[in-house]
Amino acid sequence: MGAYRLLASVTVEHAYFAEKNCKMLEFVPAEFCATKLRNAGLLVKSSQSGVAVYFDEEKIDILRLHAEDNLTLAFKVFSKDGNFFRYTSPGAPPDDAILFFSNQQITRDAAGKQMLHPDPSVTASAWMELTADPLPGILERKDYFVKPVFILQLSITTGAQGLCSDKLDAEARRFYIRFATGQTFWKYYILGDLSKRNVYIADLDNTLQFENLGNILLPGNREAVQLQSSKAIPLHEQPDQRLQLKESTGTGDRILIKRLPNARVDQVHGETISDNRENISEIYIS
């Protein structure tokens with residue numbers, strides 16, 4: 001056995017996470033892929049943010065023979081986080097579609113990274129219908145009940161620019177997928193005695209504004225004041241918003257809560273705002 005060298009790698013970036021690399025992903029080779037990996041002498045190593053395929057230098061000729069016969073690898077990528085699409089743009093695809101990425105469509109970003117999508121981050125254009133080739137040959141019956149978050153396909157080709165070429169440097173073998181974070185309107189429900197006061201939300205960074213939507217009666221006959229952000233706010237693993245609840249009085253304003261809790265990804269629902277369907281993060285304060 002010779003030394004193993006990188007054939008190709010894919011790193012998944014995500015603006016939601018503090019370190020900008022995705023977390024809790026699982027890369028599962030498609031059923032047909034396991035045999036191809038073994039026959040071509042390839043080794044797969046994956047992490048929660050990417051996958052890398054290595055080849056045995058002493059078996060490069062065997063790999064090239066397979067590549068001449070259209071060697072294609074496919075991975076079903078699952079997220080161990082049930083909230084993945086809540087903080088991911090463009091959100092969950094329709095029931096009859098799935099995100100699909102391939103190294104046959106490469107775009108370089110401003111830093112020269114090889115992106116597997118044409119836009120700066122993933123958009124709905126990456127959705128592919130489940131009946132479209134090559135998905136029926138990749139997905140098993142069980143995958144239609146618990147869908148992967150996306151499918152990754154790698155084509156291993158010969159030629160000067162193919163992955164089997166010994167002229168490629170390491171950077172030419174690295175590919176990237178970049179997700180933007182989801183955005184939601186933040187709606188605070190101010191309950192209890194606080195709902196009877198002339199309250200408002202102040203942003204210590206002076207970047208966000210909140211509108212008073214009036215009072216509402218919640219289940220249990222609980223009255224609340226609704227304070228909602230005037231624009232959608234990007235979700236982050238470690239939010240950096242610094243919001244305070246204040247009260248306006250005849251003698252000036254005073255702080256009621258020094259630091260309001262930020263939005264959580266598990267408290268998001270859809271709501272119509274100005275005739276558009278938007279995601280709303282609900283936060284209850286009492």
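This is a predicted model: local features need pLDDT of at least 70, side-chain atom pairs count only at pLDDT 80 or more; totals for chains, interfaces and linings use all residues.
Q: How many aromatic pairs does a search of the whole structure find?
A: Rings pair if their centres lie within 6.5 Å. Searching the whole structure on that basis gives twelve.

Q: Is the pair of Phe84 and Tyr87 stacked, tilted or edge-to-face?
A: The two ring centres are 5.9 Å apart. Planes over 60 degrees apart count as edge-to-face.

Q: Are Phe84 and Tyr87 buried or exposed?
A: Buried means under 20% relative accessible area. Phe84 has 2%, and Tyr87 has 0%. Phe84 is therefore buried, and Tyr87 is also buried.

Q: Why does the pair of Tyr189 and Tyr284 count as stacked?
A: The ring centres of Tyr189 and Tyr284 lie 4.8 Å apart. Stacking needs planes under 30 degrees apart. The pair is stacked because its planes are at 10°.

Q: Which strands hold Tyr189 and Tyr284?
A: The pair ties together parts 95 residues apart in sequence. Tyr189 belongs to residues 183–191, and Tyr284 to residues 276–285. These strands are β13 for Tyr189 and β21 for Tyr284.

Q: Over which ring does the charged end of Lys113 sit?
A: Lys45 lies over the face of Tyr54, 5.9 Å from the ring centre. For Lys113, the distance to the ring centre is 4.7 Å. The ring under Lys113 belongs to Tyr176.

Key: Residues are numbered from 1 along each chain as its sequence is written. Side-chain values use heavy atoms; hydrogens and water are left out. Rings of Phe, Tyr and Trp (its six-membered ring) pair if their centres lie within 6.5 Å; planes under 30 degrees apart count as stacked, over 60 as edge-to-face and the rest as tilted. Buried means under 20% relative accessible area, exposed over 50%, partly exposed in between (1.4 Å probe, protein chains only). Helices (H or I, at least four residues) and strands (E, at least two) are DSSP runs, numbered from the N terminus. A charge sits over a ring if NZ of Lys or CZ of Arg is within 6 Å of the ring centre and within 35 degrees of the ring normal.
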